[in-house]
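Subject: Structure handover

Hello,

Here is the structure I promised to pass on. Please open it first, then read my notes below.

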Amino acid sequence: MRTFIVAALALAASFATHAQTPAAPAAPAAAAARTPSPPGAEVYIISPKNGAKVKSPVLVQFGLKPVMGVAPAGVKFDNTGHHHLLIDTDAPADMAAPLPVTDNIRHFGKGQTEASLTLPPGKHTLQLLLGDQSHIPHEPPVISKKITITVEK
């Protein structure tokens, strides 16, 4: 429930102060400290399950333990962030830099908690990484286990 309340408050604040979420991550302030994540923070993929055989489009549902909430990009609230879905790629080596926008790193900066993905047939990996208001992973990073799914024809 807390996640939804924080998300609703964050969305209201976002719409009041921002016309749109920026398409690309903003440059970080020089030598800025990373946003701390609270103890026990965990992000996970609710669905599909690891090893699932699915058809495209694939509905991916994001989970977040209630010690953190979801807030849109550009909105700063303690113990919040927004989802980034890593598709067929590893987590970036530099966790102090904003996550790039690519076909393999999808941003959900409006606070979305699920996504419909069109994926070609074959094996694919999925992993969630929470980012702060500036698309920078928290310290320590809040990252899910990587799962593997098979998209059937």
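What pattern does the protein follow, read along the sequence? The answer is α-β-β-β-β-β-β-β-β-β. That makes 1 helix and 9 strands. Please keep in mind that this is a predicted model.

Some overall values next. The protein has 153 residues, and 40% of them count as buried. Its accessible surface is about 8,100 Å². Carbon and sulfur atoms hold 60% of that surface. I also looked at contacts between residues at least 6 apart in sequence. Of these, 71% join residues at least 24 apart.

The largest nonpolar core has 23 residues. Within this core, V60, L85, L117, L126 and I149 touch the most other members. Six stretches of strand each give two or more residues to this core: β1 (43–47), β3 (58–64), β5 (80–87), β7 (114–117), β8 (122–131) and β9 (147–152). The largest share comes from β3, with 4 residues.

L85 is worth a look on screen. Set aside its neighbours within four places in sequence. L85 is then in contact with V60, F62, N104, I105, R106, F108, L117, L126, Q127 and L128. Three of the core members named above, V60, L117 and L126, are on that list.

There is also another core, apart from the largest one. This one has 5 residues, among them L86, M95, I105 and L129.

Over to you.

Best wishes

Technical notes: Residues numbered from 1 in each chain as written. Predicted model: local features only at pLDDT ≥ 70, side-chain atom pairs only at ≥ 80, totals over all residues. Heavy atoms only, no water. Buried < 20%, exposed > 50% of the residue type's maximum accessible area, 1.4 Å probe, protein only. Contact = heavy atoms within 4.5 Å. Areas by Shrake-Rupley, 256 points an atom, 1.4 Å probe, with all protein chains shown as cover. Core = buried A, V, L, I, M, F, W, Y, C linked by side-chain atoms within 4.5 Å.
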